[in-house]
Amino acid sequence: MKGNRTMVWRTMVALLLVSSLHMAEAGGRVDLRKEYASTLLELSRALLERQVIAPLDPDDGAIRCDHCDVLHTRAAESVFPFALAFRLSGDSAFARAAVRTGNWLIRQQESNGSWKETPEDWTGTTTDQMLMMVLAYEEMHGLLSAAEDRAWLGAIEHAADYLAAVMSPEFASINYVATTTASLTAASRLIPGSQYSGRARMLAHRTIAKMDEDGFINGEGGRGAAGKSGVDLGYDMEMSLWGLGYYAKYTGDSTVGAAVRHALRNHLSFIYPDGSMDGSWGIRSNKWTMYGGATSDGCQVLFSLYSHEDPRYATAALKNLEFLRTCMRNGIVGYGPQHVEIFTVPPCIYPTFAKAKNLALAYRLETGTHSPGTPLPTQRTGWMKVHPTLDVAQVRTKNFMATVTAYGYEDHAARAKSKYMYRPSGGAQSYLWLEGHGALQASSVTVYSRPEPMHFPEAAGIRSLTPRIEYTDSLGTFTNLFEFDGRMTTRQEGTKATSYVVVTRGELKDKNWLSGGIGYRLEHRYADREILTSVHLTYHDARRTVHVIEPFIDRQGMTFEQTGPRAVKIKAGRRVLEFSLVEGEAELRSGAGREQYWAPYPALRAFPIELLVRPAGEEFEREITYRLRIVE
């Protein structure tokens, strides 16, 4: 019987989804709340199927994680998605699930009011759990017993007191601080006379003080002499900005509201034409999934806060949701587009409940229907955007969109031990997208490790998906990806046939940021139908064979054929491309070590093409140029 009900439910959700998408394609108006609801119900149903239902068991109400075999306390953030799913569907199973989940979470609360992020001891996530309890209580308090009502309010107040006492940029990464502005604002609605609003205001103003002039928030990385620094696109869009926006909406703080609006305008260009979110270059990109981050909430809540002001935000919310759906199977969200092809085990449920809470919040905050015809900035062609505070450039031509990063954040205290220092930099093309196909290249960490074992699957021996220049000898591996002091310049050339040029100069360095004795100049030249890449090497203190490595995302149905000593033909659906060495001397290899080119984040696999550049005689300079062009 349970299997039949599940099948009927999934069929209904699928029909809802097809119907709404057909309406969008037909040019009608899209009700984002219906879109959010259809996916929220699917995610909530999957979480409900994993709930412990054992009234006499102390774990009654917890959510099982088939991957970790742990009852994550953060999974109880499902309490609000369950409560909203009950209101949307009328299914009393969701009401019972919400009450059970909230009661279980209360039993896990520490004596100081916090919740540990089991199986670890971090308590900053108390802000996420408390906010979901507040919102769920507002939906469910009429269904709680008198004892439960007192317990819920008591737990919320205890958690709010803890957050008001400890939360600050000195205590936590900035996304927790920003989220706490929302959490305390929400708690103040239930607990009149509290000092939570004043504390929320102080935290909000401290957070926007850490924005750079383009609206990117510093504070996600390592700690300096005072607070933390470093920017991450995913945590900005999926956590910090919506937390600040929620606070500003309910308090009327125009200073914070203006700061969020300014930031959002600059962040919007990182939603690619297919709705994927380009978190490739950020300092927490080790959990980039392409739809967002694996443990951050989601961008729909942010866009729904401001969709009534700019229709592009509604487009971004819908397209990112559509991309997220491609990474779901049976209501569970994977780590990227090829998760089910790469893994034989289910993913952790973190991405599932995180995206569910995001959609529940977005549903509550969304106010209207929107035309799907308003294009994203990235759907328009013929531009280059440089983010000077980041040294990140974005290029959009008729057929290509790319991100090139020389982002120079450095965690000096931890250096090679820092989990934030294995992101791509040094002029790497960290994301490349092709019209009519999707992602051609996408970065992953330079060296895979498991800084948070709960969130990082075992993946021994894998190689980075990021295009790069490197060599390895007895002293280690030296690559442009470890060059965090690269010098980036950009320019536009031509009139009728415009090219956008991004040049980065630096040194090949090891994980300790030590130079290996070979300098480089890396130039990417983007046109409508081709990309020309030039690599100029200067052998000033070392003479090693340098590998220029270009992995291409290997999707089902793609083929790679080396057609000669200097060219590879790539068939990608209806698009055919050619990768070819056009100037200079190098040995071209294709497919070497192919089985090692995959990544948990984003869950992708790739086909490598390498160009081996050897020093010649006593010459100290070598240069090669290769081209990726559209054949048909």
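How many residues lie between β17 and β18 in the hairpin that they form? Two residues separate β17 and β18, and the strands themselves are DSSP runs (E, at least two residues), numbered, like the helices (H or I, at least four residues), from the N terminus. This is a predicted model, in which local features need pLDDT of at least 70 and side-chain atom pairs count only at pLDDT 80 or more, while totals for chains, interfaces and linings use all residues. Residues are numbered from 1 along each chain as its sequence is written, and side-chain values use heavy atoms, with hydrogens and water left out.

**The hairpin**

- Strand β17 (residues 559-564) pairs with strand β18 (residues 567-572) in the antiparallel sense over five bridges, where pairing requires that DSSP finds at least two bridges between two strands.
- Within this pairing, Glu561 stands opposite Lys569 in β18.

**Helices**

- Helix α7 (residues 174-190) has 17 residues and spans 25 Å from its first C-alpha to its last, close to the 24 Å expected at 1.5 Å a residue, the expected span being 1.5 Å times one less than the number of residues.
- Of the 17 residues of α7, 15 are buried, so that the helix is mostly covered, with buried meaning under 20% relative accessible area (1.4 Å probe, protein chains only).
- Ser304, which lies in helix α11 (residues 300-306), counts as buried because its relative accessibility is 2%.
- Leaving aside residues up to four places away in sequence, Ser304 touches Tyr36, Ala362, Leu365 and Glu366, a contact being heavy atoms within 4.5 Å.

**The largest pocket**

- The largest pocket has a volume of about 550 Å³, a volume being the space filled by probe spheres set on grid points that are joined across faces, edges and corners.
- Among the 37 residues lining the largest pocket, Thr446, Val447, Tyr448, Ser464 and Thr477 are the closest to its centre.
- A pocket is an open set of points on a 1 Å grid over the protein atoms alone, where a 1.4 Å probe fits, with protein on both sides within 12 Å along at least five of seven lines, and lining residues have an atom within 4 Å of a point.
- β10 (468-473), β11 (476-479), β16 (546-553) and β21 (598-599) each supply at least two residues of this lining, and β10 gives the most, with four residues.

**The second largest pocket**

- The second largest pocket has a volume of about 430 Å³.
- Its lining comprises 18 residues, of which Phe323, Thr326, Pro337, His437 and Arg555 lie nearest the centre.
- Two or more lining residues come from each of α12 (311-325) and β9 (438-442), and α12 gives the most, with three residues.

Terms used
Buried < 20%, exposed > 50% of the residue type's maximum accessible area, 1.4 Å probe, protein only.
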